[in-house]
Amino acid sequence: MSTATVITTAAFSHPGYVGGRATDVPISEVHAKKTGTITTLCGQSALTWFKFWEVPFATVLGNRCPRCVAAFDELLQAEADRRRRSFHPARKGRPAGGSSRAPGRPTTLS
Ligand SMILES: [Zn+2]
C-alpha cells in the first residue's frame with residue numbers, strides 16, 4: 001500500500017482553484033480514502049462523497065479529519081521505512097561461497 005493510492009474525499013464540494021486551475025475543492029471536513037475502497041481511513045463510508053483527485057490529501061490545509069491525518073501519517077511512515085529498507089537492504093551475513101579471509105594475507109600463523 002502506498003500513499004499514492006490515497007485520495008481526498010469530502011461530503012461537500014465547492015468550485016475553487018488548485019494550482020491556478022478551476023476545480024472542485026472540499027468545503028466540509030476532508031477525509032482520506034484509499035482507491036478501490038468505499039471507506040475513509042477513519043472508517044466512514046465515502047460511497048456518495050466527492051473525490052478530489054487533483055487535491056492531494058497532504059496539501060489540504062484546513063479542516064482535515066484528525067483520524068484520517070493520523071492514519072495517513074502512519075502510511076507515510078510505513079512508506080518511508082520501506083524506502084529506507086530498499087536503499088539499505090538488511091545484511092544477510094557473508095555471501096554464500098565467499099571467503100571470510102581477506103585476500104593476500106597468510107591463512108596460518110606459525
Ligand atoms: Zn476521516
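Which residue in strand 3 does proline 15 stand opposite?

A: Happy to take you through it. Proline 15 stands opposite aspartate 24 in strand 3.

Before going further, a word on the basis. This is a predicted model, in which local features need pLDDT of at least 70 and side-chain atom pairs count only at pLDDT 80 or more, while totals for chains, interfaces and linings use all residues. Residues are numbered from 1 along each chain as its sequence is written.

Strand 2 covers residues 13-18, and strand 3 covers residues 21-26. Strands here are DSSP runs of E with at least two residues, helices are runs of H or I with at least four, and both are numbered from the N terminus. Strand 2 and strand 3 are paired in the antiparallel sense over six bridges; two strands pair if DSSP finds at least two bridges between them. Together they form a hairpin with two residues between the strands, and glycine 19 in the turn has a positive phi of about 60°. Strand 2 is hardly covered, as the count of buried residues among its six residues is zero. The term "buried" asks for 20 or more other C-beta atoms within 10 Å of a residue's own, "exposed" for 12 or fewer, and "partly exposed" for values in between, with C-beta atoms placed from the backbone.

Now step back to the whole chain. There are one helix and five strands, arranged along the sequence as β-β-β-β-β-α. An open sheet of three strands has the order 4-1-5, with antiparallel pairing. Strand 4 (31-34) and strand 5 (50-52) are at the edges with a single partner strand each, so one side of each has no neighbour in the sheet. From one strand to the next, the twist averages 45°. Strand 1 (residues 6-10) is joined to strand 4 by four bridges, and within this pair valine 6 stands opposite lysine 34. Helix 1 (residues 66-87) packs on the sheet, where it touches strand 1 and strand 4, and its direction makes about 45° with that of strand 4. Such angles run from 0 to 180 degrees between N-to-C directions, the axes being lines fitted to C-alpha atoms, for helices over the stretch in contact.

The helix deserves a look of its own. Its 22 residues reach 31 Å from first C-alpha to last, close to the 32 Å expected at 1.5 Å a residue; that expected span is 1.5 Å times one less than the number of residues. Two of the 22 residues of helix 1 are buried, so the helix lies largely in the open. Cysteine 68, leaving aside its neighbours within four places in sequence, is in contact with His31, Ala32, Thr40, Leu41 and Cys42. Contact means that C-beta atoms, placed from the backbone, lie within 7 Å.

Cys68 also belongs to the largest nonpolar core, which has 14 residues; Ala32, Phe57, Cys68 and Phe72 have the most contacts inside it. Strand 1 and helix 1 each supply at least two residues of this core. A nonpolar core is a set of buried Ala, Val, Leu, Ile, Met, Phe, Trp, Tyr and Cys residues joined through C-beta atoms within 7 Å.

Finally, the loop between strand 5 and helix 1 holds leucine 61 and asparagine 63. Leucine 61 is exposed, with 6 other C-beta atoms within 10 Å. Asparagine 63 counts as exposed too, with 11 C-beta neighbours inside 10 Å, and its phi is near 60°, a positive value in a residue other than glycine.

Methods. Two residues are in contact if their C-beta atoms, placed from the backbone, lie within 7 Å.
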